Amino acid sequence: QVQLVESGGGCVQAGGSLRLSCAASGRTFSSYTVGWFRQAPGKEREFVAAISWSNGNTNYLDSVKGRFTISRDNAKNTVYLQMDSLTPDDTAVYYCAARAGRIATMAAKVYDYWGQGTQVTVSS
């Protein structure tokens with residue numbers, strides 16, 4: 001019922017920035033938590049950041065705190081992930097995910113809807 005479409009990935013040099021977008025269709029995010037996850041080749045999918053749509057509470061992976069910012073735009077029904085000071089360790093496919101509920105949880109298994117992913121490549 002909820003379709004998520006990511007965009008904004010690409011290739012950047014270390015120290016650069018990207019802004020990822022996650023646009024929802026079918027339903028609004030009003031009662032949802034929206035998260036970003038990433039998966040590098042040969043690695044397990046890991047939590048990056050999440051935001052509660054209703055109150056704006058956020059949660060971040062420790063290694064991205066201070067560099068990444070998750071935000072929402074109510075009018076556009078879109079969530080953003082601003083990524084600054086990127087390093088090669090940030091290279092991965094980034095996925096947007098959503099779940100019913102207002103707690104910005106970290107566990108991938110509780111998210112019900114997933115986007116197709118967008119590639120982020122950071123060169124040294």
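**Note on the aromatic cluster**

1. F37, F47, Y111 and W114 are linked into a cluster by ring pairs. This is a predicted model: local features need pLDDT of at least 70, side-chain atom pairs count only at pLDDT 80 or more, and totals for chains, interfaces and linings use all residues. Residues are numbered from 1 along each chain as its sequence is written, and side-chain values use heavy atoms, with hydrogens and water left out.

2. Rings of Phe, Tyr and Trp (its six-membered ring) pair if their centres lie within 6.5 Å; planes under 30 degrees apart count as stacked, over 60 as edge-to-face and the rest as tilted. The count by this rule is five aromatic pairs. One of them is F37 with F47, edge-to-face, at 5.7 Å centre to centre and 75° between the planes.

3. F37 lies in strand β4 (residues 32-39) and F47 in strand β5 (residues 46-52), so their pair ties together parts that are ten residues apart in sequence. Strands (E, at least two residues) are DSSP runs, numbered from the N terminus. Both F37 and F47 are buried. Buried means under 20% relative accessible area, exposed over 50%, and partly exposed in between (1.4 Å probe, protein chains only).

4. Y111 and W114 also form an edge-to-face pair, with 6.4 Å centre to centre and 65° between the planes. Y111 is buried, at 4% relative accessible area. W114 is partly exposed, at 28%.

5. Now the charge. R45 has its charged end over the ring of Y95, 4.1 Å from the centre. R45 also lies over the face of W114, 4.8 Å from the ring centre. The rule: NZ of Lys or CZ of Arg within 6 Å of the ring centre and within 35 degrees of the ring normal.

Key:
Helices (H or I, at least four residues) and strands (E, at least two) are DSSP runs, numbered from the N terminus.
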